[in-house]
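Open the model in your viewer and keep the selection panel at hand. The stops below go one selection at a time.

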Amino acid sequence: MLSRVHSAAVIGVDAYPVEIEVDISRGQEAFNLVGLPDAAVRESRERVRSAIRNSGFRYPLDRCTVNLAPADIRKEGPSFDLPIAIAILIASGQINADSLDETAVIGELALDGLVRSVAGALPVALGTRDHGKARLIVPEQNAHEAAVVGDFDIYPADSLYGAVEMIEQGFPGEPTTVPPDQLDPQAAEYDIDFSDVKGQEHVKRAFEVASAGGHNVLMIGPPGAGKTMLARRMPGILPPMSFPEALEVSKLYSVAGLMPERVALMRTRPFRAPHHTVSTAGLVGGGTIPKPGEVSLAHNGVLFLDELPEFGRGTLEVLRQPLEDATVTIARAQLTLSFPANFQLVAAMNPCPCGFRGDPVRQCTCSTGQIAKYLQRISGPLQDRIDIQIEVPRLAADELMNKQPGETSKNIQQRVVAARALQHQRFDNTPFHNNAAMNSKALRQFCVLTDEVSSLLRSAIDRFQLSARAHDRILKVARTIADLDASDSIRVHHIAEAVQYRSLDRKFWN
């Protein structure tokens, strides 16, 4: 007897339909699985057999052929266990399949028949809905993230027996729903606050400018100056995510298997801080069937690279494309995939290998050659892509002992949101969403300078020997500073502050 059950699989961050076909014919007991399955899919044979028997059903002692269509796309992961088991039960005449024409099924099976969570439930729900299905059976732990999809019924299954009972009764219960407050990114709260940071007012100002315009930041300072503490608080002053942004982030985390159980939507902006031993594939993504890397998991959030020169030179250089294009393209022999990577880079480093070059308290023990070799790990093209470079000095004793709390993240965020609102109005009907994304044509249109301002910028370019890319980024930062002042035009003090954020590369690298 032949049976068909609908399922889905994920390539990149999008799902495509998969049809599970099972044919049971007379002959010696066998289980043949075809359709380009990977090792995890092939191993479903033992999980499915044990789950069927331990759930009180009869496993057919005949020849069983399972086909995963389309057969020309490689299938991976254990999410086909549950639909294969249901298709076998239908083909062996143990359950009725009349109510499955408009239903898709995903889920991993334990040997006792329980259903375990799988990666990619959210994109599968979106893809299944878009392909015209009416409902989706998912593991109970994935029900909330899949239920984010509107106009689509999500039914949770905790076991194979429970899924079969639900199918035979025609889905009698109510589908899973998500409370509206869990779908509102505006209500997101962060556990840490800028008010905890002692001193470093100029660095806080730089982070405010960076957040208002979407600019990248490099901090240079001795150990213990507070660089990591500052970086971790940046997501809290970024504007709250919109629902489409939160959905994009949730899809990426769902595909990567990092979505917390029973969480409907990722509402706080991501903060990713990979260790400096991360591989190139771990940073930008990779694999036989590519998965998102750290730069994509930081999409719509912050990617923090601490001890920047300790990262591999080749690993850092692959950041250049996503920093420019806000996307990562991974090419393989069989397919090419693109992952979104619209993140803000926050990097931190010491001024030398020992960390105390220029420190007023501790003496540097590094030789000139060691310092040069250390700083040369950061290439010029990568430096040019970092808009704001700020020195983070050691705190004085008075600043450390000061018990007066600093300005809260909420207050800083309000100014950032106001500046972003001006940018949204300015860039209406354009492909840009913040100042950092402007191209050369947009700079000429939105960053018109007076003669006095142009003269100051020309002097800065000559003095610091700035590149054309650095010139453009100074204009972008100046435009952001003007937005924070609610100024229609870029003035002298806006350019002066923006140039100040480009001076450290000459101090340390020249």
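Select R426. R426 is buried, with a relative accessible area of 18%; buried means under 20% relative accessible area, exposed over 50%, and partly exposed in between (1.4 Å probe, protein chains only). This is a predicted model: local features need pLDDT of at least 70, side-chain atom pairs count only at pLDDT 80 or more, and totals for chains, interfaces and linings use all residues. Residues are numbered from 1 along each chain as its sequence is written, and side-chain values use heavy atoms, with hydrogens and water left out.

Stay on R426 and show its helix, α17 (residues 409-426). Helices (H or I, at least four residues) and strands (E, at least two) are DSSP runs, numbered from the N terminus.

Now draw the distance from R426 to N435: a polar contact of 3.1 Å joins their side chains. A polar contact is a pair of N or O atoms within 3.5 Å; within protein, one must be able to donate a hydrogen and the other to accept it, and residues adjacent in sequence count only if both atoms are side-chain atoms.

Next, select 121-130, helix α4. Eight of its 10 residues are buried, so α4 is largely enclosed by the rest of the structure. Colour the buried ones: A121, L122, P123, V124, A125, L126, G127 and T128. Step just past α4 to G132, which takes a positive phi of about 90°.

Move to the strands. Two strands pair if DSSP finds at least two bridges between them. Select β1 (residues 2-11) and β2 (residues 14-25): they run antiparallel, joined by 10 bridges.

V22 has V66 as its bridge partner in β4.

Last stop: an open sheet. Five parallel strands are ordered β11-β14-β17-β10-β18. β11 (271-272) and β18 (388-391) are the edges; each has a single partner strand, so one side of each is left without a neighbour in the sheet. Zoom in on β11 and β14 (residues 302-305), paired in the parallel sense over two bridges. R272 finds its bridge partner in L303 of β14.
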